[in-house]
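These are my notebook entries on one protein structure. I set down what I looked up, topic by topic.

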Amino acid sequence: MTTLYCARWVLPVSSTAVADGAIAVDGETIIAVGPRAALVSQFPEATTREFGESAIIPGLVNAHSHLELTAMRGFLEKEETDFFAWLKKLTIARRERLSADDLNVSATWGACEAARAGVTCIADASDSAFESMNALRDVGLRGIVFQESFGPDPRLAKENFEKLSARIAQLRERETPLVKCGVSPHAPYTVCAPQLEMIANFSVTESLPLMMHAAETFMEVSLMREGRGPFAEGLRRRGIEWQTPGVSTIQYLNDHGVLETRPLLAHCIYVDESDLETIKQARTRVAHCPKSNAKLGHGVAPFEKMLEKGITVGFGSDSVASNNTCDLLEEARFALLLARSEATANVRTTNKPGEDDGRQNHGLSADELIQTATLGGARALDLQGQIGELRDGVQADFAVIALNGPHQIPSYDPASTLLFASSGRDVVLTVVAGREVYRFGQVVTVDEDRLRARMKEIAEKLRV
Ligand SMILES: [Zn+2]
């Protein structure tokens, strides 16, 4: 049974845009992409879905999220200027005040939000990976759920690692063709070096994908370089030994075998030229989270430089506790605007008056940003060749985005309308492996009304 999805524009990402285009889907797979007229005559028996003034794009890939924390959207605004307090309130609320069912509802609601925004694939870091895997499966999204591991105390490294490997054995039994598991040593300041080494080794021998938060804050830099700052004090207060490595986070991860796993690293704000070179040589992948970084005041990652160097980058929303939405089009727009502002600011601070008026040519285009949000994300998750583009033979993961809103008309170029004038709320259809999971304003795979009511209950519980 073949279905033709037709629209004013098809943006395959890996090839040029097709006006009045269509994609032909058979089961889970795209079998053809091209002009509507050509596909209609090639597949005369096909069912036709007509979307008119809209664009069909590959499904957006969210390269970093924490779906289980969806209930904490807006919950931590007061702590935002103190990341240490922010992490502490979040951890206590998650561990002590949310039941397994609360976490499942929270993750499922997050997955609904993603599906509604045209996201078809998610790299999710989770303390309760079991619940996140179920959420992705129930909503019908694709993804990798990385079971988080914590443990700053070297004396407990072995015990913590054994807990993780036992958990992974259980999670692997829950894997489906669409939902896989991986490991996530949380961050350099929450996982000690021996535990990092055990997890890295485990990732290599078991072929498990690994993701980690890295080079996110200046506090982390102080801990790494000088053994000072709130993280260092926190460890000292708990009587935990910390041997200051005196190097950058990236160098530290390289020294302890983490880069041998070709990890997916979230944030990478505090990285210098030599770190970027190390990242490139190790074929490490980066989840760029510009909105979360800005909201928490952590800084700006060198996104444009990473692309120039040929480093694989995808966009991550991070948790909605620090964003506050999962909207990859908005994330991409923010990334471009921020990169341009940064480039101009750099010229202004480094040039002498009269040397340059502050304008300069910058390479980032709307097409490139849409590519990062789709194919870039697919590469970041090692799923290139399966998703991230529209061509025959790949999985039918795509989104249809309306282009006829008052905020979008007129449209001279579909990619620039998508990037500069559209948001996830313009998505009208989301398809994963050929299955329509969001259409006509509704996620069709789960009961959104029940989830909405439960989310309100959970918020009441967190409020007290
Ligand atoms: Zn994160």
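The entries below concern a predicted model.

**Entry 1: the zinc ion**

I began with the metal site. The zinc ion has as its protein donors His 64 (NE2), His 66 (NE2), His 213 (NE2) and Asp 318 (OD), at distances of 2.1 to 2.7 Å. I then looked up the spacing of these donor residues along the sequence, which reads H-x1-H-x146-H-x104-D. His 213 belongs to strand S10 (residues 211-214), while Asp 318 sits in the loop between strand S13 (312-315) and helix H13 (328-350). This pair is 105 residues apart and links distant parts of the chain. Both His 213 and Asp 318 are buried.

Why is the arrangement around the zinc ion irregular? I checked the angles that the four donor atoms subtend and found 87 to 172°. For reference, I noted that the ideal angle for four tetrahedral donors is 109.5 degrees.

**Entry 2: the largest pocket**

The largest pocket has a volume of about 1,200 Å³. Its lining consists of 44 residues, and Thr 91, Arg 94, Arg 95, Phe 150 and Thr 190 are those nearest the centre. Among the elements that give two or more residues to this lining are helix H4 (129-139), strand S8 (142-149) and helix H5 (157-173). Helix H2 contributes ten residues, the largest share of the lining. By class, I recorded 16 nonpolar, 16 polar and twelve charged residues in the lining of the largest pocket.

**Entry 3: the cavities**

How many cavities of 30 Å³ or more does the structure hold? I found two. The largest cavity has a volume of about 50 Å³. Its lining includes His 66 and Asp 318, two residues that I had already listed as donors of the zinc ion. Strand S6 (60-65) and helix H3 (100-116) each give at least two residues to the lining of the largest cavity. That lining divides into three nonpolar, seven polar and two charged residues.

The second largest cavity holds about 40 Å³ of space. Among the residues that line it are Pro 152, Tyr 189, Thr 190 and Trp 242. I recorded eight nonpolar, one polar and one charged residues in this lining.

**Entry 4: the cysteines**

I counted zero disulfides. For Cys 289, the nearest cysteine sulfur is that of Cys 268, 9.3 Å away. A disulfide requires two cysteine sulfur atoms within 2.5 Å, so Cys 289 is in none. Cys 289 counts as buried, at 0% relative accessibility. Cys 6 is also buried, with a relative accessible area of 0%.

**Entry 5: the backbone**

Most peptide bonds are trans, and most residues other than glycine have a negative phi. I therefore looked up the exceptions.

A cis peptide bond joins Asn 323 and Asn 324, with omega about 5°. Asn 324 lies in the loop between S13 and H13. Another cis bond joins Ile 409 and Pro 410, again with omega about 5°.

Arg 283 is not a glycine, yet its phi is positive, about 55°. Is Arg 283 buried or exposed? With 54% relative accessibility, Arg 283 counts as exposed. Asp 382 has a positive phi of about 60° and, at 34% relative accessibility, counts as partly exposed.

Technical notes: Residues numbered from 1 in each chain as written. Predicted model: local features only at pLDDT ≥ 70, side-chain atom pairs only at ≥ 80, totals over all residues. Heavy atoms only, no water. 1 Å grid on protein atoms, 1.4 Å probe; cavity = no way out; pocket = protein on both sides within 12 Å on 5 of 7 lines; lining within 4 Å. Points joined across faces, edges and corners; volume = space filled by probe spheres on them. Helix = DSSP H or I, 4+ residues; strand = E, 2+ residues; numbered from the N terminus. Nonpolar A, V, L, I, M, F, W, Y, C, P; charged D, E, K, R; others polar. Buried < 20%, exposed > 50% of the residue type's maximum accessible area, 1.4 Å probe, protein only. Donors = N, O, S within 2.8 Å, 3.2 Å for Na, K, Ca; no water. Tetrahedral: all angles 85-135°; square planar, octahedral: opposite > 155°, others 65-115°.
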